[in-house]
Amino acid sequence: MNRRTKIAALAAALTISAGAAGSAVASGDGRGGSREAAALTGSAKIYRVASDDITFSFDAHLAAKDNTNPQAATGTFRLSHYRNGKGGYAVVTVDCLVTGGKVATVTGRVTETDVKEFDKRRIGVSVHDLGKHDRLGYSWLAQDPEEGDVPPCHSPAPFERTKAGTGDFKVLPWQPEYPAE
C-alpha cells in the first residue's frame with residue numbers, strides 16, 4: 001500500500017480503541033454545575049461501497065469556564081481505516097472545538113498512530129449531527145500531511161455519509177458570550 005493510499009485509508013476512516021466515547025453529551029460538570037460550553041461525542045462508521053472499515057469516535061469538550069476560548073477544549077478523538085487487513089489508526093488529543101447548531105469542528109494533535117505521516121500532526125474533523133444519518137469531513141483529504149498542520153478548529157465541510165445504523169454523533173451547540181455593544 002503506497003503512502004497516499006495509506007493516508008487516504010486512514011483519512012477516510014477510523015476504528016474505536018478501547019475506552020471510546022459514549023453517545024451521550026454531558027449537560028453539566030457532573031456535580032450539578034452549569035452546562036459545558038460545547039461538546040462532540042459519539043462514534044460512527046463511514047459508508048463505503050467497498051469493504052472498508054472506517055470508524056471515527058469523539059469525546060471532545062469545552063468547559064463552561066472556557067466559553068470564550070475554543071482552544072481550551074479537551075478530550076480525544078480516534079479514527080481508523082482498514083481494508084483487507086491493511087490500513088491504520090490514530091489517537092488525537094483535542095486542541096480546539098467549535099460547534100454551531102448541530103455542526104462541530106474539532107482539531108488536535110496525533111499522539112498515537114501507525115501512519116508515520118500523521119505522527120504529531122494537527123488534523124481536523126467536522127461533524128454534522130443529523131440523527132441516524134450523520135455526516136463527517138476530515139482535513140487530510142484536502143491537504144497533504146507533508147505540507148504541515150491545519151490551523152486550530154479547521155476542517156472541510158462534512159461530506160462523508162455514515163453507515164446506516166452507526167451514526168450516533170452528539171453535538172452540544174456552543175453559545176459564546178459576546179461583549180455588549
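**Confidence, strand pairing and salt bridges in the predicted model**

Among the elements of the protein chain, the lowest mean pLDDT, 42, belongs to helix α1 (residues 3–11), whereas strand β5 (residues 103–113) has the highest, 97. The structure is a predicted model, and the mean pLDDT of the protein chain is 82, with 80% of its residues reaching 70 or more. Over residues 1–31, pLDDT stays under 50. For this segment the model has 96 contacts beyond four places in sequence. Where pLDDT is low, the predicted coordinates should not be read in detail.

Strand β2 (residues 53–62) pairs with two other strands, β1 and β3. With strand β1 (residues 38–45), β2 pairs in the antiparallel sense over eight bridges; in this pairing, Ala39 stands opposite His61 of β2. The pairing of β2 with strand β3 (residues 74–83) is likewise antiparallel and extends over nine bridges. Here Thr55 stands opposite Ser80 in β3. Eight of the ten residues of β2 are buried, so the strand is largely enclosed by the rest of the structure.

Eight salt bridges are present in the structure. Side chains of opposite charge can pair when their charged atoms come close. One of the salt bridges joins Lys45 to Asp53, with the closest N and O atoms 2.7 Å apart. Lys45 has a relative accessible area of 29% and is therefore classed as partly exposed. Asp53, also at 29%, falls into the partly exposed class as well.

A second salt bridge is formed between Arg83 and Asp52, whose closest N and O atoms are separated by 3.4 Å. This pair links distant parts of the chain, since Arg83 belongs to strand β3 and Asp52 to the loop between β1 and β2, 31 residues apart. The accessibility of the two partners can be stated individually: Arg83 is partly exposed at 40% relative accessibility, while Asp52, with a relative accessible area of 15%, is buried because this value lies under the 20% cut-off.

A further salt bridge brings together the side chains of Arg109 and Asp149, at an N-to-O distance of 2.5 Å. Arg109 is located in strand β5 and Asp149 in the loop between β7 and β8, so the pair ties together parts of the chain that are 40 residues apart in sequence. Arg109 is partly exposed, having a relative accessible area of 31%. Asp149, at 30% relative accessibility, also counts as partly exposed.

Positive phi values were computed for two residues other than glycine, Asn84 and Cys153. The phi of Asn84 is near 55°, and this residue lies in the loop between β3 and β4 (86–100). With a relative accessibility of 67%, Asn84 counts as exposed. For Cys153, phi is about 60°. In terms of accessibility, Cys153 counts as buried, at 16%, whereas Asn84 is exposed.

Notes:
Residues are numbered from 1 along each chain as its sequence is written. Side-chain values use heavy atoms; hydrogens and water are left out. Buried means under 20% relative accessible area, exposed over 50%, partly exposed in between (1.4 Å probe, protein chains only). Helices (H or I, at least four residues) and strands (E, at least two) are DSSP runs, numbered from the N terminus. Two strands pair if DSSP finds at least two bridges between them. pLDDT is the predictor's confidence in each residue, from 0 to 100. Contact means heavy atoms within 4.5 Å. A salt bridge is a side-chain nitrogen of Lys or Arg within 4 Å of a carboxyl oxygen of Asp or Glu.
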